[in-house]
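Here is a short report on how parts of one protein chain pack together. Look at the sequence and the structure first, then read on.

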Amino acid sequence: MSAGPRWERLRTELRSVRSRVLATTLAFLAVALLTVGGLTHYLRLVDLDESVRQDILQEAGELQRLAQRGPLGPDASPSEDLDAPAEDPFTDLPQLFYTFMTTTVPGEHESILALVEGEPAFEHAVRSRFQLDDPTTIAAVVERARPGQTVVFDHEQDGRVLRLGVISVVLDEDPRQGYLVVGFDMSAQWQIVLDSLWRYLGTAALTMVVAGLAAYVLVGRVTAPITRLRRATEQISPDDLGRRVPVTQQDSDVGQLAANFNGMLGRIEAAFVEQRQFLDDAAHELRTPLTILHGNLELVDEHDPADVAETRAMLLDEIGRMNRLVEDLLLLARSQRADFIRPGSVDVPPWLDDTMDRLRALGDRRWELEALAEGRIVADGQRLTQAVVQLAANAVKFSAPGDVVALGAAWATGPAEPGRGGPSRYLEVWVRDTGVGVAPEDQQRIFERFGRAETGRTVEGSGLGLAIVAAIAHGHGGTVGLRSSPGHGATFTLRLPDSSPATTPTTAPVASPGADAVPTTTIAAPRK
């Protein structure tokens, strides 16, 4: 594999949902860990400064209480006697410093120095990590010291930062000025906090790695349907619509997405198959008149006026048939649009009367109005008329003069639908004839585009009339049904749901809308 495809696959993987979710999760985790760690160690530094300040104040308070208490007895406990009432206060400054130094133990990063008149007098016997009797340190102490005050400042010594507390000491009986210097190695204590921070960062990094691996696996499981969905979409083409995305957990949002995608792909595949079949059938139907046109034009004798006139008439008839076929195809194409049906309020009795008047002009038949339903329905009156006229024309085509062609309408009830308070009701409009009928094996096919019955009826026509009727019924959310048997006529019934407020339906006396005990074929459609 070349570098180009590998790089492109890597870029695709980095842009995937899994990578983005993982990156977002790790980013939030990193920000949270850094915030918590940084804030925690910052508060440790603040606590360290406060602890040093309190230690300096504590040393100053103990020295003051010792000066007021006076020398301790040989068997006295320093911690108990410092708070005892004053008996014999110190009068000698070196003696005070000596007593304090022998009763005080400095901490690990602490050192204590006593100065009398700017000169070192005592330093704790236990040597600490640093010494305060350095000349530069003593000079800085003398410079910053203030009689009668405690001064705290930072001083750099041998690359380390010392925090020095200079406590002024004056005795009433001793005119000399003394200072107790308490020093803390801040660099060493800061280094402890810094080392702790580095350890925390190392632990946080390890936590990020472990969390990243765990999140990678968990996010991968969650987004696996999305990954399969993406790969499936990459491989789907108009020539291969049978691929589906495996769905393992339909109770999750991602699983539902994959299931919905499979459903959408199934509908697209069905539409593609139907479209291809439709185009194949249309091409087949148009090829015949075009062949007729081409053949007659080749054979016409242009020097024979009678032959030219006869060929012209035949060609015009074929062109007219092609025009009707194209118009029917356009009508079926428009049936998929949302505005194919324009519903309005239709008063059923006047509509039936008007439609019956139109039907009588279709042919010499015994036209009857079998039933007259009262009330109104929400529907597209023009499309309903178009469907009924098509059914009546079909009945005229497959019946003989004197045969009965009947029109009727009646209300019917059905099972309750979701969201409706009671049983649903329908308006059934039928066209019945006493013609040749339709064989059972042809009853489903004649509603398909370019479908024709192979028995009982001729093969004249485009085969789109009943498909248009079915499209009109489907556009109203209804169905079209057929009851017929060879030699006993046929009854085509439009069953239209009533979406208007519930009323009490009434129907005039009716004759039977179809033959008894004959097979029934219904072409159903989903609700819009």
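## Helices H10 and H11

Helix H10 (residues 381-397) packs against helix H11 (residues 465-475) at an angle of about 150 degrees, and their axes lie 9 Å apart. Helices here are DSSP runs of H or I with at least four residues, strands are E runs of at least two, and both are numbered from the N terminus. Axes are lines fitted to C-alpha atoms, for helices over the stretch in contact, and angles run from 0 to 180 degrees between N-to-C directions. The angle therefore makes H10 roughly antiparallel to H11. The cut-offs are under 35 degrees for roughly parallel, over 145 for roughly antiparallel, 65 to 115 for roughly perpendicular, and oblique for the rest.

The crossing of H10 and H11 is left-handed. That term applies if the near helix is turned anticlockwise from the far one by less than a right angle; clockwise is right-handed. On the H10 side, the residues that meet H11 are Arg-383, Leu-384, Gln-386, Ala-387, Gln-390 and Leu-391. On the H11 side, they are Gly-465, Leu-466, Ile-468, Val-469 and Ile-472. By class, this contact of H10 with H11 has seven nonpolar, three polar and one charged residues. Ala, Val, Leu, Ile, Met, Phe, Trp, Tyr, Cys and Pro count as nonpolar, Asp, Glu, Lys and Arg as charged, and the others, Gly among them, as polar.

## About the model

The model is predicted: local features need pLDDT of at least 70, side-chain atom pairs count only at pLDDT 80 or more, and totals for chains, interfaces and linings use all residues. Residues are numbered from 1 along each chain as its sequence is written, and side-chain values use heavy atoms, with hydrogens and water left out.

The protein has eleven helices and 13 strands. Of its 528 residues, 39% count as buried. Buried means under 20% relative accessible area, exposed over 50%, and partly exposed in between (1.4 Å probe, protein chains only).

## Helices H9 and H10

H10 also packs against helix H9 (residues 348-359), at an angle of about 40 degrees and with the axes 10 Å apart. H9 and H10 are therefore oblique to each other. Their crossing is right-handed. H9 brings Trp-351, Thr-355, Arg-358 and Leu-359 to the contact. H10 brings Gly-381, Leu-384, Thr-385, Val-388, Val-389 and Ala-392. The residues of this contact divide into six nonpolar, three polar and one charged.

## Helix H4

Which residues of H4 (residues 93-102) are buried? They are Leu-93, Leu-96, Phe-97, Thr-99, Phe-100 and Met-101. These buried residues pack against helix H2 (17-69) and strands E1 (110-116), E2 (119-123), E4 and E5 (174-185). At the start of H4, a side-chain oxygen of Asp-92 reaches to within 2.9 Å of the backbone nitrogen of Gln-95.

## Arg-163

Arg-163 is found in strand E4 (residues 160-171). Is Arg-163 buried or exposed? Arg-163 is buried, because its relative accessible area is 13%. Its side chain makes a polar contact with the side chain of Asp-49 (3.0 Å) and another with that of Asp-154 (2.8 Å). A polar contact is a pair of N or O atoms within 3.5 Å; within protein, one must be able to donate a hydrogen and the other to accept it, and residues adjacent in sequence count only if both atoms are side-chain atoms. Not counting residues up to four places away in sequence, Arg-163 touches others including Val-52, Phe-184 and Trp-190. Contact means heavy atoms within 4.5 Å.
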